Structures are given as structure tokens and as C-alpha cells.
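Here's a quick briefing on charged pairs and the nonpolar core. Have the 3D view open and click along as you read.

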Amino acid sequence: MCKAAQTCRSLYKHCTDLLQFIELDLQPFWHLVTDDALLGLQLRCAAVQQLSLSWCGPYGAITEAGFTRFINSCGKNLTCLQLACCHDYITDVAMAAIADTCSYLIELNIQGCQQLRRDGFLELSRLIRLQRLNLYRTSVETIEAVNIIRNCKDLCRLNMDSCSRVDNFDEVAIAIAENLNNLTSLNLCRAKSLTNQGLSRIVDSCGGNLIQLDIGWCSELSAAMGCFVNLARKCIRLRVLHLTSNRTVSSADLEALATWCQDLEQVDILGAMSITPASIESLLLDCRQLKLLDVSYCLQIEFLHVYNWRQQYPHVQIKKSFMNSAYRR
């Protein structure tokens, strides 16, 4: 567009029209975006509503000052802001600029932005119109996470995968249950302090709307207390469920899913030690929308079972990995 704008006045007028920059995705040019590039775009982006700077500005190419100047100038109409892995310049100061300027923000992605600390997350909690928030692998702690959830009551999608500094996910679960009535997608993968009680609070309050749920690698969750059967009964609209690496998942849990969650499209039960081929059969038979099933490292599921299921249910992609015998020794 910059080159076209140099050819004639008419094209210049069209190429610099603010409506051409309502949506701006700079991620494909991550290695070229600098403070100077943002400054050059500043006049054209006064009406931008959706902006992606994910991966942009590594090694100091974009600075905190350059980003805040751009946001202060162009951020008042933003509804969607993608800042994944922008750890060099997304600081507490930058987040304060976002909170001050982007009052209409609905979606915010700050995954991997490790420089944010308590003050930055407190600023984030001022974005009360947020509906979609990605906190994957950030440094958010329990108090800040609860504060964000209590203030951003319109959240319908929340990703807190790998938030290792949250030391009490049950407190976060209680805040979710009490405040996020419209929640449809929740990722708590690797929430190592989440217990059956916390999960029960979530599914009892939010289960009716949940469509996607990831509680993989949550080592404190145990099927012995019936939490996954309760999940199946309360979350009947589920389409995507990840129970990755939970060895306690049982055949009874799968049969409950087959009975209550028949809209399921993706199920990940990697590492479930005790599930039987019969329970997998029930899931495949009753969940007719199923497209992806991961039974890797499920010791009672043989490759012959998987081969037969692939023939019988060709519309389902069934994954099966195995542990090398030499590694086991």
C-alpha cells in the first residue's frame, strides 16, 4: 500500500484512508516492526479497531516508550489487541497506557508477556468490558487473577494455562464460579493446585454454558471423588474436553461423558491408565459429532483396537502414541 500510494494522488487518498486500517495484523512482519514503523503508521491508525503486534519488536526494536506512544494515539477505538510474546515492551507502564486508552477493549492476548507484575495486572483489571483474555504463561499471581475475574465479569473465554505463580487455583475457581456467568471456554491446564472442590465449584456454577474445558496436567484432580462424572452431568454442552495426563480417569467417567456430553467433538485422555476398550466404544458410538480422540499412552488400548475403530469410525481422527520399551526399562 505504501508503494501504491506513491503512484498518484487518487491512490494516495485511497491508501491512506483510515478505513483501510480498521484491522491491522503486523504479526507476519514481526521482524520488520520497529518504533519508527509504528510512528509511521500512527496517523493512519486513528480508527484501528483490531490490532495484532504478536511477536513484533524483538531485541528492543519496539520499546516501551514507542508502544505507549502508539497506543495513546491510536488505541481509543480498539476492541481487539493481540500482544502474544511481546515481552520486551509489555510492562506495567505499557499496561497502564492500555487501561487508560482502550476502554472498549473486548479481547486481549498477552500470552508470554513475562515482564508484567502486580501493578500491571491491577491495571488490566480496569478493562471491565473484556470478554476474551489470554494469560498463558504470564506471571499473574492468585490475588491479581482473582481481582481481574471479579472486575471483568463479562469474560466468556479465559486462558490461564501454565500460570505457575498462581499458588491457589481453588481461590481462582471460586472467583470464576461467583463472577463469570457467561463463561464458555476455560483453560486451566497445568493448574497444579486445582482440587476436586475447585473444579466442582466451576462446573456447578458455569457448567451449563461451558463449551471448551482444558484441565489437563492438573495433578490434584482425582476421579475417585466423582469429579469427572459430576463434570459430565453439569457440562452437557461441552464440545472440547482435555483431561490430558490424568491417570485416574476411569471407564465410568468415559461412560458418563458418552451419556451426558453427546455434542463432544474433541476428547483428550492421554495417559489414562485404567480405561477399557468398551468405554471407548461407548464414547465413539454415542458422541456422533466426535472428530478427534487422543488415547495415547492408555495402557489397555491396543493398536489393534485403534485400527478397528479407525475403520468403523472414519470421521474420527484417533491418536495413539506409545512408550518405547527400551525407555521403560
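## Charged pairs and a nonpolar core

This structure holds nine salt bridges. Keep in mind that you're looking at a predicted model. As a bit of background, side chains of opposite charge can pair when their charged atoms come close. Let's go through some of these pairs, then turn to the core.

**Glu-141 and Arg-165**

- The side chains of Glu-141 and Arg-165 form a salt bridge, with 2.9 Å from N to O.
- This pair links distant parts of the chain, 24 residues apart: Glu-141 sits in the loop between strand 5 (132-134) and helix 7 (142-151), while Arg-165 sits in the loop between strand 6 (157-159) and helix 8 (169-179).

**Glu-178 and Arg-201**

- Glu-178 and Arg-201 also meet through their side chains in a salt bridge, at 3.6 Å from N to O.
- Here the link runs between helix 8, which holds Glu-178, and helix 9 (residues 196-206), which holds Arg-201. The two residues are 23 residues apart.
- Arg-201 is partly exposed, at 35% relative accessibility.

**Lys-234 and Asp-204**

- Lys-234 makes a salt bridge with Asp-204, and their closest N and O atoms are 2.7 Å apart.
- Lys-234 lies in helix 10 (residues 227-234) and Asp-204 in helix 9, so this pair ties together parts that are 30 residues apart in sequence.
- Lys-234 has a relative accessible area of 35%, so it's partly exposed.
- Asp-204 is partly exposed as well, at 45%.

**The nonpolar core**

- In soluble globular proteins, nonpolar side chains tend to be buried together.
- The largest nonpolar core in this model has 102 residues, and Leu-108, Met-160 and Ile-215 touch the most other members.
- Helix 8 gives the largest share of this core, with five residues.

Note on methods. Residues are numbered from 1 along each chain as its sequence is written. This is a predicted model: local features need pLDDT of at least 70, side-chain atom pairs count only at pLDDT 80 or more; totals for chains, interfaces and linings use all residues. Side-chain values use heavy atoms; hydrogens and water are left out. A salt bridge is a side-chain nitrogen of Lys or Arg within 4 Å of a carboxyl oxygen of Asp or Glu. Helices (H or I, at least four residues) and strands (E, at least two) are DSSP runs, numbered from the N terminus. Buried means under 20% relative accessible area, exposed over 50%, partly exposed in between (1.4 Å probe, protein chains only). A nonpolar core is a set of buried Ala, Val, Leu, Ile, Met, Phe, Trp, Tyr and Cys residues joined through side-chain atoms within 4.5 Å.
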